[in-house]
Amino acid sequence: MPDAAFLTHLQEHFQKVPGKSHFREKSWQKFLELGLPCKSDSSFQYVRLRDLYSSTFQPVVDEVTLSKAELHDAILPECAHSHIVFVDGVYTPSLSDTSGLPPQAVVLSLEEAFSSHGSFLQGHLTRFLKEEKDPFACLSLSLNRRGVFLYLPPKIEAGAPLQCLHVTTGKLPQLSSSHLHLVLGAQSLLRCVVTSKQEAESPHLHLPMMQISLEEGAHLDLFTLVEGSSWQMQTVRATLKRDARLHSLSMTVGGRAARQSYRIALKGENSEAHLNGLWMLDKNFAAHTHATIEHQAPHTRSMQRFKGVLKGFSHSSFEGKILVEQQAQKTEAYQLNNNLILSPGAIAYSKPNLEVFADDVKASHGATVSQVDEKQLFYLRARGIDLKAARELVIAGFCREMIDAIPYAGLHQKMREVSRER
Amino acid sequence: MMLRIKELQALIDGKAILKGFDLHVRKGEIHAIMGPNGAGKSTLARVLSGDPTYEVAGGEILFEEQSIVELSPEERSHLGLFMSFQYPVEIPGIGNLQFLHAAHSAQCKAKGQSPLSEAEFDAFLSEKMQLVDVACGFKSRGLNVGFSGGEKKRNEILQMAVLEPKLAILDETDSGLDIDAMRIVAKGVNSLMGPDNALILITHYQRLLDYIRPDFVHVVKEGKIVASGGPELALALEEKGYDWL
């Protein structure tokens, strides 16, 4: 039974994590309680779990010798002095540079933050563990070695965006976990971009975790790019207070299986979350999106828009859930997933979902899976554009609204090129 | 002879729509094709432009004495054939300028000419836009996305102005247009017509023919031409209806 063997394998990893902490122990217990997901869990239904459970992963090596120069190309020009680097999941201050962030910003390793902001973090994480239902989120926390805590005090607006760069060094498949805890004070503003760099094309397993707390009127703009050939089980958990805004855009262009799990709690009135995503997949890549939005207060808004372009034998799944609690009157919640299938071997699954307990709500959801529209192709061809170019135009057009929303010039260009290649 | 259609038979989903259609068009001529709904007028436009959903089951289409039945839509366009769509297609994410430039460049390449640069094309397009009286906002908008019915039709005529075809087939370009929009469209079409071009106007109503004067009027019923004449035929039809024939 591969599940049991894999669990034992994970146990070995857990035991090798240096420096036991009470919290890590509790996360592991919660992981065991939830258990490894199986095919019958609807939120993992389409993930190739058997393939994952029959894999073995090396633990990360503690001492990695990387120089700043080696990372130079992976740092966005916009973030030359505002980046934090995780090497194999471990926050590495010597490779990071946060001098471009406002001087009031607090950037600490999680261990340091536990001593300076202990009661805040303890309360937050305890609540998190109590509510968490995703086993990989708990596993990520229990295996994490050195995470980052970033706090932006009230009314501070970070001019330069913050880049989080995940570097994977191992030549053999390895298991790593990273943790970023962002707290944005009232009316503060931060733009954040998450990218990765993989030294060797190996099917690693990476468990990135991002926890976000937005205080009243805070605004976070998040862009995530997932590429490479790893297994990735990403967790994003956010709570939004009154008038807070979260804008998230994620793009997946590779991955043995790249799963993104979002849970966004709109706790304060007039808070708003935009979750957008685009996956452009080829070969046997897989992308899975699982998004839950909890409307817990009146006048909250959420917009989810996910698009997929699938080629080769790639596959994707989308499961979105909007939960509107009884007190969350005047909520607006929208969810849409459109998929474009470019080859007979590609598959897209889509399952939008609404649970509404309030009675004065505007909500809609929808999903489409289709091939390139023949009518659109004919229109372009009738104007002299050949079939190949017409297909490229239609596909690039489908991706365009997402790609044009990327605020980083280099990544925008890169994604436009990927959309043309597809 | 610019276009020679002989005994053309066309099917969609196995159903015969054109049943032995004949038409000859010379340089400099304007032909109006009228007829009741379902007579096969739009099918003719589609088949001429090479819509792959229609099947040619018999007959011949010669464009400048070359058979085009086996040619792809893009090859027909490169030869100088143009169809204005009855229902122009919306394509999100493609800018109108980008589309028009791509189409113009494809024509240039097919003719062995080097395409215009983006800046050169922009200037060329601005000139053409005056012909069809469209605002410069047209350039940056998505291809037909969010366009009103009238704007879509004007965009079709703008494409015609950019591509400068030898033979244009306007498929019900007048339908859904108010009188002012129709005047603008007609003015644009007239300014593009010359002694070396030809035009086929497919229309349900006589109204358009007050603005674009045809040399010949043909009436189509059940997949073939049943009557041909001069502009007076259109007036008679307007008065007496199609059942009169």
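This is a predicted model: local features need pLDDT of at least 70, side-chain atom pairs count only at pLDDT 80 or more; totals for chains, interfaces and linings use all residues.
A search of the whole structure found five cavities of 30 Å³ or more. The largest cavity has a volume of about 180 Å³ and is lined by 16 residues. Nearest its centre lie His166(A), Ser196(A), His206(A), Glu227(A) and Gln232(A). Several strands of chain A contribute two or more residues each to this lining, namely β5 (162–168), β7 (189–198), β8 (205–214), β9 (219–226) and β10 (231–240). The greatest contribution comes from β7(A), which supplies five residues. When the lining of the largest cavity is sorted by class, 10 residues are polar, four are nonpolar and two are charged.

The largest pocket has a volume of about 510 Å³. Its lining comprises 23 residues, and those closest to the centre are Lys133(A), Arg263(A), His290(A), Thr292(A) and Lys321(A). At least two lining residues are supplied by each of the strands β12 (257–266), β14 (286–295) and β16 (315–324) of chain A. Of the elements that line this pocket, β12(A) gives the most, with four residues. The lining of the largest pocket contains 12 charged, six polar and five nonpolar residues.

In chain B, six strands form an open sheet with mixed pairing, arranged in the order β6-β9-β10-β3-β11-β12. Strands β6 (81–84) and β12 (224–229) of chain B are the edges of this sheet, each pairing on one side only. From one strand to the next, the twist averages 20°. Strands of a sheet pair through backbone hydrogen bonds, and the pairing may be parallel or antiparallel. Within the sheet of chain B, β3 (residues 30–34) and β11 (residues 216–221) run parallel and are joined by four bridges. His31(B) stands opposite Phe216(B), a residue of β11(B). Helix α8 (residues 231–240) of chain B lies across β3, β11 and β12 of that chain. The direction of this helix makes an angle of about 45° with β11(B).

Over all chains, the structure holds 17 aromatic pairs. One of these is formed by Tyr46(A) and Tyr349(A), whose rings are stacked, with 3.7 Å from centre to centre and 15° between the planes. This pair links distant parts of the chain, as the two residues are 303 residues apart. Tyr46(A) belongs to the loop between α2 (22–34) and α3 (49–53) of chain A, whereas Tyr349(A) lies in strand β18 (residues 347–356) of chain A.

Note on methods. Residues are numbered from 1 along each chain as its sequence is written. Chains are lettered from A and ligands numbered from 1 in the order in which they are written. Side-chain values use heavy atoms; hydrogens and water are left out. On a 1 Å grid over the protein atoms alone, a cavity is a set of points where a 1.4 Å probe fits but cannot get out, and a pocket is an open set with protein on both sides within 12 Å along at least five of seven lines; lining residues have an atom within 4 Å of a point. Grid points are joined across faces, edges and corners, and a volume is the space filled by probe spheres set on the points. Ala, Val, Leu, Ile, Met, Phe, Trp, Tyr, Cys and Pro count as nonpolar, Asp, Glu, Lys and Arg as charged, and the others, Gly among them, as polar. Two strands pair if DSSP finds at least two bridges between them. Axes are lines fitted to C-alpha atoms, for helices over the stretch in contact, and angles run from 0 to 180 degrees between N-to-C directions. Contact means heavy atoms within 4.5 Å. Rings of Phe, Tyr and Trp (its six-membered ring) pair if their centres lie within 6.5 Å; planes under 30 degrees apart count as stacked, over 60 as edge-to-face and the rest as tilted.
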